[in-house]
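Subject: Structure for you to look at

Hello,

Here is the structure I said I would pass on. Please open it first; my notes follow below.

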Amino acid sequence: MKHNVRPKVGLLALTLELYENLLPDLRGAREAWLRRAVIPALQREADLLFTRAVFRREDIEQVVAELETAGADALLVVLLTYSPSQLALPALRRARLPIVIWNTQELRGVDQAFTLTHMVDNHGVHGTQDLANVLTRAGVRFHYVTSPDNDPAGLRELGDFFAAAGAVRRLGTARIGSLGYPFPGMGDFAVDTTHLAATLGCAWTNLTVEDYINRAAVAPGTEVARLVADYRASYDVAPDLTEEDLALTARAELALRGMVADHRLEALTYQFTAFGEDERTQTLPFVAASRLMAEGVGFGGEGDLIAAAATAFFSWLQPPASFTEIFTIGFADASLFLSHMGEANPAMARRDRRIPLVARPAPITRTRGRQLALVTSFAPGPATLVALTPGPGGKWRLIAAAAAIEDFGPLPGFFVPHSKLKPLAGDVCRFLTAYATAGGPHHNAVICGDARQRLRFAAGLLGAEYIEV
């Protein structure tokens, strides 16, 4: 299962009705500029939906409605000429899409060669100011970007906003599967699921261990053999692993994949001890959960619905992302040791060696067979540590930090995924104190690269607090 994370953006291009008689060729010429230069530049960031420039109130309303019906994630407003703000205000007040106004033009500079034609072709700026003013007065939220039409920084900012809008929209329809029950006593991910649905839009469904066991038992032999061959080709399979070990792991993966597909899940969480309460359980789906994360399916450990939704959300925002947990502090080098019971995103693994596939030396809960895991260590490079959590009064918080994944692991003898992360803030003591006092939970995520601007935009679109530590 591959998740399309590319945002879809509707382009609302505005002109002035007066020019239809005074300058009848102007609208066509400005549309040609859009199609020749602007849309190709934006296509690197998103899929653009555009039909025509409009100048009447009723046509503006029709185009906005068409873009919403077409499934746009955001609405990009560009003024090809001046356009009176009150024509667009009613449609933008009612729009269900995040709005971004791009103050741009074709001309790069004004010099002695500047002509009236240049001025007429490049005079949208005061229209954007008119529109921004009335939107502000009407309490309509919007983002505003000023840049030339091919400026990398401006396009990057637009791309970050589009990505945030797309991820927020997908989160609003996400389905999360919960297998088992939350780990008893873990309070930091306790959640009112009605609040979850009302604020983030996520729906959740209960999954059963019995269904997992039954699906694993009837998994087709050809599919089991195919997955076993894939494991051997893709990973550094420990020499003590038997064909039965690999086959049971493959059956577990096919069972979990079937549950994800049949329940149309974007994310899942399980409580590993719940598997051990049914004596028929053959093995745990550590490998399955990890491989599904590599395909954009969110995951949260120990029955954490919030972490499951968040990991999917971060994967849509800036892929790839992985569920993780801070296990140990490296005081000596201001680092954090990340790990979990058996789940990490192998799409983030270092590329200079194959990921070890090993068996736990002792079961973490009762199963009939051995419990296998991928010992994933993340590739060195820039990263963002981030967590989604409820704050005071139930308002959501995104807590983020710029970081670097260290060149570390996999360590010999380890049977769980592990990596080393260094917060760019430097002082690990102050960092951990700031993270904890901001309400940072013990389940979090790592995103490849610097995702802070996208996270800021996403927080604004969610109505959440953004806290950087």
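Which residue in β13 stands opposite isoleucine 329? It is leucine 336. Please keep in mind throughout that this is a predicted model.

The hairpin

Strand β12 (residues 326–330) and strand β13 (residues 335–339) run antiparallel and are joined by four bridges. Together β12 and β13 make a hairpin, with four residues between the two strands. In the turn, alanine 334 has a positive phi of about 55 degrees.

The three-stranded sheet

An open sheet is formed by three strands in the order β8-β14-β15, with mixed pairing. Its edge strands are β8 (236–237) and β15 (372–374), each of which pairs on one side only. Helix α13 (residues 286–293) packs on this sheet and touches β14 and β15. The direction of α13 makes about 25 degrees with that of β15. Between β8 and strand β14 (residues 356–359) the pairing is parallel, over two bridges. Aspartate 236 has proline 356 in β14 as its bridge partner.

Helices α7 and α14

Two packed helices are described by the angle between their axes and the distance between the axes. For helix α7 (residues 152–171) and helix α14 (residues 305–317), the axes come within 8 Å and cross at roughly 145 degrees. The crossing of α7 past α14 is right-handed. On the α7 side, the residues that meet α14 are Ala163, Ala164, Ala167, Val168, Arg170 and Leu171. On the α14 side they are Ala309, Phe313, Trp316 and Leu317. By class, this contact of α7 with α14 has nine nonpolar residues, one charged residue and no polar ones.

Glycine 166 also lies in α7. Glycine 166 has a relative accessible area of 2%, so it counts as buried, the cut-off being under 20%. Apart from neighbours within four places in sequence, glycine 166 is in contact with Pro7 and Asp73. From alanine 13, glycine 166 is 153 residues away in sequence and 21 Å away in space, C-alpha to C-alpha.

Helix α9

Helix α9 (residues 209–217) has Val209, Tyr212, Ile213 and Ala216 as its buried residues. Why do these buried residues line one face of α9? Seen down the axis of α9, they fall within an arc of 95 degrees, so they line one face of the helix. An α-helix has 3.6 residues a turn, so residues three or four places apart point the same way. The buried residues of α9 pack against β6 (175–179), β7 (203–207), α11 (243–262) and α12 (272–275).

Regards

Notes
Residues are numbered from 1 along each chain as its sequence is written. This is a predicted model: local features need pLDDT of at least 70, side-chain atom pairs count only at pLDDT 80 or more; totals for chains, interfaces and linings use all residues. Side-chain values use heavy atoms; hydrogens and water are left out. Axes are lines fitted to C-alpha atoms, for helices over the stretch in contact, and angles run from 0 to 180 degrees between N-to-C directions. A crossing is left-handed if the near helix is turned anticlockwise from the far one by less than a right angle, and right-handed if clockwise. Contact means heavy atoms within 4.5 Å. Ala, Val, Leu, Ile, Met, Phe, Trp, Tyr, Cys and Pro count as nonpolar, Asp, Glu, Lys and Arg as charged, and the others, Gly among them, as polar. Buried means under 20% relative accessible area, exposed over 50%, partly exposed in between (1.4 Å probe, protein chains only). The arc is that of the directions from the helix axis to the C-beta atoms. Two strands pair if DSSP finds at least two bridges between them.
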